[in-house]
Amino acid sequence: MVNMTKVRHAEPSDLSMLIPFDLFPGDRIVEIVERRMLVAEVSGSVVGYLAWQHRGCLEKDYINKLVVAESFRRQGLASTLLDVLCKRLRGRVFIATGARNIAANALLAGCGWAYAGEIVGILPDDEAQVFYRKDLG
Ligand SMILES: CC(C)(COP(=O)(O)OP(=O)(O)OC[C@H]1O[C@@H](n2cnc3c(N)ncnc32)[C@H](O)[C@@H]1OP(=O)(O)O)[C@@H](O)C(=O)NCCC(=O)NCCS
C-alpha cells in the first residue's frame, strides 16, 4: 500500500478532487450524504473511492462503484478500500464488473471474492457483467 494512505468516509468537500478521475456519470453527492462512500486519500489528495448500495442487488448489499486514479493504480489502493469496507458490512455482499475488465476481474479473484455468475444484456456489445460475492462476518 502507498505510504500515507488513509481510507475514510467521503465528505462533500471531496467532490472537486474526484472529478479528474471519476469514470461514473453524475456526481457523487447522494452517496456522500448517505454515508455510502469511502475514499482513499494519499498525502492529502483523494485518489480513489468506492460506493455501495444497501440491498442494491436482489436485497443484498452491492458495491456499485470502485475507481482509482490512473497514476495511483497497482499500489494496493482498491484492495485497501475493499478491505476497509468489508470490515464495516455484514452478510453477503456483491460486486460486478465487465468480463473484459482484466484489472477488476484480477483484483476481485485475487482478494477472496467468489465468482457468482454473469448476465449478458446489461453492458453494451454483449459484454457479460460478471458478479462476485463475499460473505462477511
Ligand atoms: C480495477 C481498479 C479499481 C484496480 O485498482 P488498483 O488500486 O490498481 O488495484 P490494486 O492495486 O489494489 O490491485 C490489486 C491486485 O489486482 C490485480 N490487478 C490490478 N490491476 C491489474 C491490471 N491492470 N492487470 C492485471 N491485474 C491487475 C493484481 O493482482 C493486483 O495486485 P499486484 O499489483 O500486486 O499484482 C482500477 O484499475 C480502476 O480504477 N479501473 C477503472 C475502474 C474499474 O474498472 N472499476 C472496477 C469496478 S468493479
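Strand S1, which covers residues 5-9, is hardly covered in this predicted model, since none of its five residues is counted as buried, a residue being buried if 20 or more other C-beta atoms lie within 10 Å of its own, exposed if 12 or fewer, and partly exposed in between, with C-beta atoms placed from the backbone. Strands here are DSSP runs of E with at least two residues, helices are runs of H or I with at least four, and both are numbered from the N terminus. S1 runs antiparallel to strand S2 (residues 37-42), to which it is joined by five bridges; two strands are taken to pair if DSSP finds at least two bridges between them. Within this pairing, Arg-8 has Val-39 of S2 as its bridge partner.

The model is predicted, and local features therefore need pLDDT of at least 70, side-chain atom pairs count only at pLDDT 80 or more, and totals for chains, interfaces and linings use all residues. Residues are numbered from 1 along each chain as its sequence is written.

The protein as a whole contains four helices and seven strands, which follow one another from the N terminus in the order β-α-α-β-β-β-α-β-α-β-β. Its radius of gyration, taken over C-alpha atoms, is 14 Å, close to the 14 Å given for 137 residues by the globule rule, so the protein is as compact as a globular protein of that length; the rule is 2.2 Å times the number of residues to the power 0.38. The C-alpha trace spans about 40 × 30 × 30 Å along its principal axes. Of the 137 residues, 28% are buried. Among contacts with a separation of 6 or more, 55% are between residues 24 or more positions apart, where contact requires C-beta atoms, placed from the backbone, within 7 Å.

The ligand is surrounded by 20 residues, of which Arg-73, Ala-78, Ser-79, Ala-103 and Ala-106 are the closest; a residue is near a molecule if its C-beta atom, placed from the backbone, lies within 6 Å of it. Two or more residues of this shell come from each of strand S4 (60-68), helix H3 (77-88), strand S5 (91-98) and helix H4 (102-110), and H4 gives the most, with six residues. The shell comprises twelve nonpolar, six polar and two charged residues, where Ala, Val, Leu, Ile, Met, Phe, Trp, Tyr, Cys and Pro count as nonpolar, Asp, Glu, Lys and Arg as charged, and the others, Gly among them, as polar.

Arg-100 is found in the loop between S5 and H4, and counts as exposed because it has 12 C-beta neighbours inside 10 Å.

Terms used: Contact = placed C-beta atoms within 7 Å.
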